[in-house]
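Let's take a walk through a protein model together. Have a look at the sequence and the 3D view, and then we'll go through some of the features one at a time.

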Amino acid sequence: MTTIELDRLGRLGGSRREAASVRIEKLAGALELYQVGTGRYPTTEMGLHALEVAPESVIGWSGPYLRRGGVPLDPWSRPYIYTSRTPDDFSIRTLGRDGEEGGTGEDADLFTTTDQLASPD
């Protein structure tokens, strides 16, 4: 590969990480709207699908909370991982390019949690 091709591959990896980060933040924003309407975040079992279709027995749902095609896949064509331990918290993550926990660079996990949203960086 030439230096130019290697540079393009490096930028593509960086842009995929940036795209994943932006999508995670948009999903977090949609979850915040869901929480305002329903008084809680979706359960792990409901998952991010609850942003598209009203779960049974959820009062106050006024979605869909996502535009343009619903819940996106991560830039590596895998679903984002959503968990909620309590009605008041959630975590959204992607496992990066390699699809495995941990890693560095393009393989590093990206995530956000309610704790991160609450803390002023």
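Let's start with the rings. Keep in mind that this is a predicted model. The structure holds 4 aromatic pairs. One of them brings together Trp61 and Tyr65 in an edge-to-face arrangement, with 5.5 Å from centre to centre and 85 degrees between the planes. Tyr65 has a relative accessibility of 13%, and since the cut-off for buried is under 20%, Tyr65 counts as buried.

Now find another of the pairs, Tyr82 and Phe90. How are these two rings arranged? Their centres are 6.4 Å apart and their planes sit at 25 degrees, so this pair is stacked; the limit for that label is under 30 degrees. Are the two residues buried or exposed? Tyr82 is buried, at 7% relative accessibility, and Phe90 is buried too, with a relative accessible area of 2%.

Next up is the sheet. In general, strands of a sheet pair through backbone hydrogen bonds, and they can do so in a parallel or an antiparallel way. In this model there is an open sheet of 3 strands, in the order 1-2-3, and the pairing is antiparallel. Strand 1 (81-83) and strand 3 (110-113) are at the edges, and each has a single partner strand, so one side of each has no neighbour in the sheet. From one strand to the next, the twist averages 10 degrees.

You can trace the pairing residue by residue. Strand 1 and strand 2 are joined over 3 bridges in the antiparallel sense, and Thr83 has Ser91 in strand 2 as its bridge partner. Moving across, strand 2 (residues 91-94) runs antiparallel to strand 3, with 4 bridges between them. Look for Arg93 opposite Phe111 in strand 3, and for Thr94 opposite Leu110 in that strand.

Finally, let's look at empty space. Rolling a probe the size of a water molecule over the atoms shows where such space is left. The largest pocket here has a volume of about 330 Å³. What lines the largest pocket? There are 13 lining residues, and Lys26, Leu66, Arg67, Arg68 and Gly70 lie nearest the centre. Sorted by class, the lining has 7 nonpolar, 2 polar and 4 charged residues.

Methods. Residues are numbered from 1 along each chain as its sequence is written. This is a predicted model: local features need pLDDT of at least 70, side-chain atom pairs count only at pLDDT 80 or more; totals for chains, interfaces and linings use all residues. Side-chain values use heavy atoms; hydrogens and water are left out. Two strands pair if DSSP finds at least two bridges between them. Helices (H or I, at least four residues) and strands (E, at least two) are DSSP runs, numbered from the N terminus. Axes are lines fitted to C-alpha atoms, for helices over the stretch in contact, and angles run from 0 to 180 degrees between N-to-C directions. On a 1 Å grid over the protein atoms alone, a cavity is a set of points where a 1.4 Å probe fits but cannot get out, and a pocket is an open set with protein on both sides within 12 Å along at least five of seven lines; lining residues have an atom within 4 Å of a point. Grid points are joined across faces, edges and corners, and a volume is the space filled by probe spheres set on the points. Ala, Val, Leu, Ile, Met, Phe, Trp, Tyr, Cys and Pro count as nonpolar, Asp, Glu, Lys and Arg as charged, and the others, Gly among them, as polar. Rings of Phe, Tyr and Trp (its six-membered ring) pair if their centres lie within 6.5 Å; planes under 30 degrees apart count as stacked, over 60 as edge-to-face and the rest as tilted. Buried means under 20% relative accessible area, exposed over 50%, partly exposed in between (1.4 Å probe, protein chains only).
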